[in-house]
Amino acid sequence: DREVQRYKEEARMTAARGGGAELPLGRRLLQGFFAPLTAAIELEQEAVRLKVHGVDRSKYGPFLLMLNPDKLAVITLHTVISQLMKGEQMFGDPSEAQAGMCKFVRAVETLGTLVQAE
């Protein structure tokens, strides 16, 4: 909840100042993804509520509705960034992990675990 408030407050302050060029690059990127990701989650939650047919929507839908879109967005952003920073070797020796690489399945699995824990 604190992270959600922080993202919203930073976005408000950045808009009031007229730009975010002075923010560190990482913060700017996260802030830039927060609002569109939140909006996309809101749309998907609405589709789940209206029972719009979609691939596996009936399976993940109830879990998607358990948290607010903004909280899900923060958890998603932090999980994906964490997985990318940790790195993962796609092929070959697992001791040669590289930052910026991660398997999609591993990122989604971690995200699911964190959302369920929340």
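1. Does Arg57 count as buried or exposed? In this predicted model, Arg57 has a relative accessibility of 15%. The limit for a buried residue is under 20% relative accessible area, so Arg57 counts as buried.

2. The overall architecture may be set out before the details. The secondary structure of the chain consists of five helices and zero strands, and the order of elements from the N terminus on is α-α-α-α-α. The chain has 118 residues, of which 29% count as buried. Among contacts with a separation of 6 or more, 46% are made by residues 24 or more positions apart.

3. The largest nonpolar core holds 14 residues. Within this core, Tyr7, Phe34, Leu67, Leu72, Val74 and Val115 touch the most other members. Two or more residues are given to the core by each of helix 1 (2–17), helix 2 (25–49) and helix 4 (69–86). The largest share, five residues, comes from helix 4. As a general remark, nonpolar side chains in soluble globular proteins tend to be buried together.

4. Leaving aside residues up to four places away in sequence, Leu67 touches Gln45, Leu72, Ile75, Val115 and Glu118.

5. In one of them, the side chains of Arg57 and Glu44 meet at 2.7 Å, N to O. Arg57 belongs to helix 3 (residues 57–64) and Glu44 to helix 2, so this pair ties together parts that lie 13 residues apart in sequence.

6. A further salt bridge joins the side chains of Arg49 and Glu46, at 3.4 Å from N to O. Both residues are in helix 2, and because they are three residues apart, about one helical turn separates them. Arg49 is partly exposed, its relative accessible area being 47%. Glu46 likewise counts as partly exposed, at 36% relative accessibility.

7. Glu118 and Lys71 also form a salt bridge, in which the closest N and O atoms are 2.9 Å apart. This pair links distant parts of the chain: Glu118 is in the segment after helix 5 (104–117), Lys71 is in helix 4, and the two are 47 residues apart. Lys71 has a relative accessible area of 13% and is buried.

8. How do helix 4 and helix 5 pack, and at what angle? Their axes are 10 Å apart and form an angle of about 140°. Angles over 145 degrees would count as roughly antiparallel, so helix 4 is described as oblique to helix 5. The crossing in which helix 4 passes helix 5 is right-handed. On the side of helix 4, the contact is made by Leu72, Ile75, Thr76, Thr79 and Gln83. Helix 5 contributes Arg106, Ala107, Thr110, Leu111, Leu114 and Val115.

9. Gln83 deserves attention within this contact. Gln83 is placed in helix 4 and counts as buried, at 5% relative accessibility. Not counting residues up to four places away in sequence, Gln83 touches Met101, Cys102, Arg106, Ala107 and Thr110. Gln83 and Ala107 are 24 residues apart in sequence, while their C-alpha atoms are 6.3 Å apart in space.

Conventions
Residues numbered from 1 in each chain as written. Predicted model: local features only at pLDDT ≥ 70, side-chain atom pairs only at ≥ 80, totals over all residues. Heavy atoms only, no water. Core = buried A, V, L, I, M, F, W, Y, C linked by side-chain atoms within 4.5 Å. Buried < 20%, exposed > 50% of the residue type's maximum accessible area, 1.4 Å probe, protein only. Helix = DSSP H or I, 4+ residues; strand = E, 2+ residues; numbered from the N terminus. Contact = heavy atoms within 4.5 Å. Salt bridge = Lys/Arg side-chain N within 4 Å of Asp/Glu carboxyl O. Axes fitted to C-alpha atoms, helices over the stretch in contact; angles between N-to-C directions. Parallel < 35°, antiparallel > 145°, perpendicular 65-115°, else oblique. Left-handed = near helix turned anticlockwise from the far one by under 90°.
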